[in-house]
Amino acid sequence: ELNNAQLSALKMQLQPHFLFNTLNTVSALISSNTKDAQRVLARLGNLLRTLLDQNKKNFIRLEDEINYIKNYLDIEQIRFMDRLIVEYKIDVEGLNAIVPNLILQPLVENAIKHGFSNRPEGGKIIISSFIKDKRLHMEVGDDGKGCDNCEELTLNSGIGLRNTRERLEKIYKSDFSFILSSELEKGFKVQIIIPLNYVD
């Protein structure tokens, strides 16, 4: 029940904020670039359909999580007028692995907000996943400004990262890793390592 409540709260947090930005993007594009406005609306439709389809699921396949993130980042790339580069390094062997629903969403949003959005020259976000020692590794990294005390800063003030760690603790107890790494001017990376389980 607690996991359900946290997942519902995450969706409520995501939807108004993201919808506002997305609809502003459509409004700005609709008279000057109809094609991109249609692309944004199509991606938004895919996101909302996914949220509705997965409304009561605490766990989904990694492939579904990645597809959700792709739709989300496609919209952000259009919103930031191609200043945002996204790279995916996904091991296909892990695509059927089970992961907590929307577990990557706060990490991606954090990368955009803190690693990219204030950089006029743009930047890159890298989404990775691979299997090692029968565990699933998922990473979200950026090439932004980084920091030299990110662990303290982000977990004390960053709602998204703190909530993600708390969700993992409730689901996996101590059987997971949540690793933050960063250097000034060399970006920021979050790594999640969880037990490898597949869809039956």
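# A tour of the chain

The accessible surface of the chain comes to about 10700 Å², and 51% of this area belongs to carbon and sulfur atoms (areas come from the Shrake-Rupley method with a 1.4 Å probe, and for residues only the protein chains shown count as cover). This is a predicted model, in which local features need pLDDT of at least 70 and side-chain atom pairs count only at pLDDT 80 or more, while totals for chains, interfaces and linings use all residues. Residues are numbered from 1 along each chain as its sequence is written, and side-chain values use heavy atoms, with hydrogens and water left out.

**Whole chain.** Show the chain as a cartoon. It holds 6 helices and 7 strands (DSSP runs numbered from the N terminus: helices are H or I with at least four residues, strands are E with at least two). Followed from the N terminus, the order of elements is α-α-β-α-β-β-α-β-β-α-α-β-β. Of the 200 residues, 46% count as buried (buried is under 20% relative accessible area, exposed is over 50%, and partly exposed is in between, with a 1.4 Å probe and protein chains only). Among contacts between residues at least 6 apart in sequence, 74% join residues at least 24 apart (contact means heavy atoms within 4.5 Å).

**Stop 1: α3 and α4.** Select residues 62–79, helix α3, and residues 105–116, helix α4. Their axes come within 10 Å and cross at roughly 25° (axes are lines fitted to C-alpha atoms, for helices over the stretch in contact, and angles run from 0 to 180 degrees between N-to-C directions). That angle makes α3 roughly parallel to α4 (roughly parallel is under 35 degrees, roughly antiparallel over 145, roughly perpendicular 65 to 115, and the rest oblique). Now show side chains: E65, Y68, I69, Y72, L73 and E76 of α3 meet Q105, V108, E109 and I112 of α4. By class, the residues of this contact are 6 nonpolar, 1 polar and 3 charged (nonpolar: Ala, Val, Leu, Ile, Met, Phe, Trp, Tyr, Cys and Pro; charged: Asp, Glu, Lys and Arg; polar: the others, Gly among them).

**Stop 2: α4 and α6.** In α4, select P106, L107 and N110, which meet G160, L161 and T164 in α6. This contact has 3 nonpolar, 3 polar and no charged residues.

**Stop 3: I85.** Go to strand β2, residues 84–90, and pick I85. With 47% relative accessibility, I85 counts as partly exposed. Apart from neighbours within four places in sequence, I85 is in contact with Q77, G123, K124 and I125. Between I85 and G123 the C-alpha distance is 6.1 Å, although they are 38 residues apart in sequence.

**Stop 4: K134.** Select K134, in the loop between β4 (123–132) and β5 (135–142). Its relative accessibility is 74%, so K134 counts as exposed. N197 lies 63 residues away in sequence, with 8.9 Å from C-alpha to C-alpha.

**Stop 5: E183.** Finish in the loop between β6 (177–182) and β7 (188–195), where E183 lies. E183 has a relative accessible area of 47% and is partly exposed. Neighbours within four places aside, E183 is in contact with K145, G146 and C147. The C-alpha atoms of E183 and N149 are separated by 8.6 Å, and the two residues are 34 apart along the chain.
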